[in-house]
Amino acid sequence: MAMTVASSSSVAVMIPRVSSTQCSTVPYLPPLPPRSFGRSSFTVPLKLVSGNGLQKVELMKTRASSSDETSTSIDTNELFNDLKEKWDGLENKTTVVVYGGGAIVAVWLSSILVGAINSVPLLPKVMELVGLGYTGWFVYRYLLFKSSRKELAEDIDSLKKKIAGTE
């Protein structure tokens, strides 16, 4: 087996040449033990070729602390008590139930409508083009220039006042 040496000013690289009649074999590597991706630790192994063997290097190891778990936990009893207090504080419960049911039915019907539109061959792409065109117009009309951004902010503030009933 002949060796080719390439050199530069400070680095020498040795590249082995393999003739077409010889085959090199990959050494047997035992299977890795199964990893559990629990909360205790997470390790990403990387195998580097060093000399004749392979070495395992751990790049990242993180450990979840118990303080993180307790700080993000939600007290379900407190949540249910808050919801129960708010529900008991409502005067017109039937209106809330009707609006909630109507919202669920509206989402269900809109998903059916979107599915029907999506099944028509060219219509989804046309709708994407319409959406992109409207987005471009909106950016040009309201976001590109400083005066139009002020106008948009004023329109949003007036809409907030109308919804809140302060206007």
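Is leucine 122 buried or exposed? In this predicted model, leucine 122 is exposed, its relative accessible area being 63%. The protein comprises 5 helices and 4 strands, and along the sequence these follow the order β-β-β-β-α-α-α-α-α.

**Overall architecture**
- Of the 167 residues in the protein, 3% are buried.
- The accessible surface of the protein amounts to about 15100 Å², with carbon and sulfur atoms contributing 63% of that area.
- When contacts between residues at least 6 apart in sequence are considered, 6% of them join residues at least 24 apart.

**Leucine 122 and the nonpolar patch**
- Leucine 122 sits in the loop that lies between α3 (93–119) and α4 (123–143).
- A nonpolar surface patch is formed by Val120, Leu122, Leu123, Val126, Met127 and Val130, which together have about 510 Å² of accessible area.

**Annotated segment**
- An unreviewed UniProt entry lists residues 96–117 as "transmembrane region".

**Serine 148**
- Serine 148 belongs to helix α5, which covers residues 146–164.
- Serine 148 counts as buried because its relative accessibility is 6%, and buried means under 20%.
- A polar atom of the serine 148 side chain is 3.4 Å from the backbone oxygen of tyrosine 142.
- Once neighbours within four places in sequence are set aside, serine 148 is in contact with Arg141, Tyr142 and Leu143.

Key:
Residues are numbered from 1 along each chain as its sequence is written. This is a predicted model: local features need pLDDT of at least 70, side-chain atom pairs count only at pLDDT 80 or more; totals for chains, interfaces and linings use all residues. Side-chain values use heavy atoms; hydrogens and water are left out. Helices (H or I, at least four residues) and strands (E, at least two) are DSSP runs, numbered from the N terminus. Buried means under 20% relative accessible area, exposed over 50%, partly exposed in between (1.4 Å probe, protein chains only). A polar contact is a pair of N or O atoms within 3.5 Å; within protein, one must be able to donate a hydrogen and the other to accept it, and residues adjacent in sequence count only if both atoms are side-chain atoms. Contact means heavy atoms within 4.5 Å. UniProt positions are given in the numbering used here, feature names are shortened, and annotations may be inferred rather than shown by experiment. Patches are made of residues with over 30% relative accessible area and no salt bridge: like charges are joined within 9 Å, nonpolar side chains (Val, Leu, Ile, Met, Phe, Trp, Tyr) within 5 Å. Accessible areas come from the Shrake-Rupley method with a 1.4 Å probe; for residues, only the protein chains shown count as cover. A salt bridge is a side-chain nitrogen of Lys or Arg within 4 Å of a carboxyl oxygen of Asp or Glu.
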